[in-house]
Amino acid sequence: MAPQSVEEEDECISGATLIAEALKMQNVEYMFGIVGVPIIEIAVAAQASGIKYVGMRNEQAASYAASAVGYLTGRPGVCLVVSGPGLVHALAGMANANMNCWPLIVIGGSSDRNQETMGAFQEFPQVETCRLYSKFSARPSSLEAVPAVIEKAVRNSIYGRPGACYVDIPGDFVNLQVNKSTVRYVECCPAPPISMAEELAVSKAASFIAHSRKPLLIIGKGAAYARAEDSIRKLVDQCGLPFLPTPMGKGVVPDNHPCCVAAARSRALQSADVIILLGARLNWILHFGLPPRFQPDVKIIQVDICAEELGNNVRPAAALLGDIKAVTQQLLEHLSRKLWKYPSGTEWWSELQAKMKSNEETSKALSLRKQHLMNYYTVFHHIRELLPKDCILVSEGANTMDIGRTMLPNYHPRHRLDAGTFGTMGVGLGFAIAAAMVTKDHSPEMRVVCIEGDSAFGFSGMEMETICRYNLPIIMIIVNNNGIYSGLDSGTWKEIVELGEPATRAPPVCLLPNAHYEQIAAAFGGKGYFVQTPEELQAALKRSLVEKYTPSLINIMIDPQAERKEQDFHWLTRSNL
């Protein structure tokens, strides 16, 4: 390192600039937030340092957006919030990031140091509070320590199991000047070290796979985050393994791959004798790995980056601790030496293919059903016909998300974002904004399509203004059934209101019938479409796809009583106690 000149030694820098430069040094590219006292200057300094700042309308949406950047790029986005209530709003995104295992940095302004315990403006125990929702929570002891604390926050967010980290900035730090020669600058933290599983455990796992009668590979979003798609695709191709993606594991191997058995999900889970878990957890999404959804004696081969996750709910027959990509390569090497491939003509394959065919025919019949109002299956059938294969799909809502997952295929990894492990409603617009910012920089021709239920849209609908302000050509699709799970038609709603006070008579699941959400987009300069027929849906989506610079919102009215097709099991596994 070259010696500093006298001028450099005497140069001073503000706290805001120091924070921004420290973030830039850690390769932070995106910041989302809402400015106010005391953090306005930090946002300005971030822009001056080359970080893109997106001003949101709610701190929850800002924190969701920053976490999605972490998942999509592998480097955390930053959520910048004011003190007290601003930070409290951002806790939702921190909790969601931790549950999803996505890297996120939250920077919160806080009370001036000399006003602590005096009842300062928005004074709140922020560092202590954030410890419940993060891997790391700290306040730098001085301006000189800021770069080191930020580096540690970034490093903690991406090392081991990724998650949220919090850095608290006292208000008086922001405009305070410090001599650059006294600052402890820290270089960019390197990418996380790659860990591999024990060879004995890998050999044991390969033996279980080779002797299985009904194998099943489950691909989780942890595999997508690990950028393990090439090695997993090779494992599937080389070994002929049936695979089932979790919702955000879709696209690691394309959904149209002949080994994908997503259309026979319940049968695959219920009958498999050996299951290889790649970056997926045996939580509620996979029914805890327990009967009746799984065989009582199923052998679980669990591959995970986090040692504490191994053995949760079901003791694995083989526990492989390490990076998903590296461990998959290890498995491939062992199975290659055995020259093993699962036969394509087995009874297991016949059983899965028959169930897939039956389920697909049922869904197709529902999608082609002629009726006055469209159902979910009809809507998704027509959307699927027109969507580009490389678009990023964001989805949230109850039936909208669940049915959409089964009917809208993904062909590329990290191209589906949804309510995730925490089942969070309200993430959609924040996720879509993050995806649009990333694609604008790295794949400008790629489209972002956000498909929401009408209830889910309500959580953060004002972010349509954000989308229009930054000219993000997101296609917003609202599947509108006038309610949560189900709603009422306008005639029935009118009768209820005429009977008396709606707060005592209207079903709690109901929303206002035929709400014109598309007018929200039009109010901010976007394109809005009100759709009631398949023909109108096709025309609106075609026009939206042609628009390269203007956001669109397509408000699709469906039958308020539309339901999912009959399921073998309820989606939520409940306790029998």
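Contact here means heavy atoms within 4.5 Å of each other. In this predicted model, Leu-321 touches Met-196, Ala-197, Asp-304, Ile-305, Cys-306, Ala-307 and Leu-310, leaving aside residues up to four places away in sequence. Leu-321 itself sits in strand β13, which covers residues 318-321. With a relative accessibility of 38%, Leu-321 counts as partly exposed, because that label goes to values between the buried limit of 20% and the exposed limit of 50%. Ile-474, 153 residues away from Leu-321 in sequence, lies 39 Å from Leu-321 in space, going C-alpha to C-alpha.

Next comes a helix pair. Helix α15 (residues 376-386) packs against helix α23 (residues 534-546) at about 35 degrees, and their axes are 10 Å apart. The crossing of α15 with α23 is right-handed. On the α15 side, the contact is made by Thr-378, Val-379, His-382, Ile-383 and Leu-386. On the α23 side, Pro-534, Leu-537, Gln-538, Leu-541, Lys-542 and Leu-545 take part. Sorted by class, the residues of this contact come out as 7 nonpolar, 3 polar and 1 charged.

Helix α17, spanning residues 428-442, gives the largest share of the lining, with 3 residues.

How values were computed: Residues numbered from 1 in each chain as written. Predicted model: local features only at pLDDT ≥ 70, side-chain atom pairs only at ≥ 80, totals over all residues. Heavy atoms only, no water. Helix = DSSP H or I, 4+ residues; strand = E, 2+ residues; numbered from the N terminus. Axes fitted to C-alpha atoms, helices over the stretch in contact; angles between N-to-C directions. Left-handed = near helix turned anticlockwise from the far one by under 90°. Nonpolar A, V, L, I, M, F, W, Y, C, P; charged D, E, K, R; others polar. Buried < 20%, exposed > 50% of the residue type's maximum accessible area, 1.4 Å probe, protein only.
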